Amino acid sequence: MRYHSLAMKRYDRFADFYPVYLAMHSHPTNRRLHLLGNGLAVGALVYATVARNPWAVLAMPVFANAFAWVGHIFFQRNRPGVTHYPVWGAIGNWAMTRDVLLGRLRW
């Protein structure tokens, strides 16, 4: 399995990190799986709120991360950026989702 080399560079600004994040998500199926996981995570939050079931909130990271890992392992063939850059990677995940939904990135 080939892994994208990030050389553990330190990013002080998200604007500098985001192009690297997008390069780590260039495979369309990987991006789609991220969006699916994020959608299910939001759905779990809605369900937790409507059903007044706080335990359903625990499903949010499971949905988001499980689909992301499948996308990285089987399609992108790299490690998720969140493993080396937890904060920037999490922000990048939602920024990428926003950009796809707004038509800025290819679905």
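I counted a contact as heavy atoms within 4.5 Å. I worked on a predicted model, where local features need pLDDT of at least 70, side-chain atom pairs count only at pLDDT 80 or more, and totals for chains, interfaces and linings use all residues. Residues are numbered from 1 along each chain as its sequence is written, and side-chain values use heavy atoms, with hydrogens and water left out.

I then took helix H1, residues 14-23, helices being DSSP runs of H or I with at least four residues, numbered from the N terminus. Phe14, Phe17, Tyr18 and Tyr21 are buried there, meaning under 20% relative accessible area with a 1.4 Å probe, protein chains only. These four lie on the same side of H1, because they cover an arc of only 110 degrees around the axis, taken from the directions from the helix axis to the C-beta atoms. Their cover includes helix H2 (28-50) and helix H4 (86-101).

Next I checked Gly92, which lies in H4 and is buried, at a relative accessible area of 0%. Leaving aside neighbours within four places in sequence, Gly92 contacts Phe14, Tyr18 and Tyr21. Gly92 and Val20 are 72 residues apart in sequence, yet their C-alpha atoms are 9.7 Å apart in space.

Conventions
Buried means under 20% relative accessible area, exposed over 50%, partly exposed in between (1.4 Å probe, protein chains only). Helices (H or I, at least four residues) and strands (E, at least two) are DSSP runs, numbered from the N terminus.
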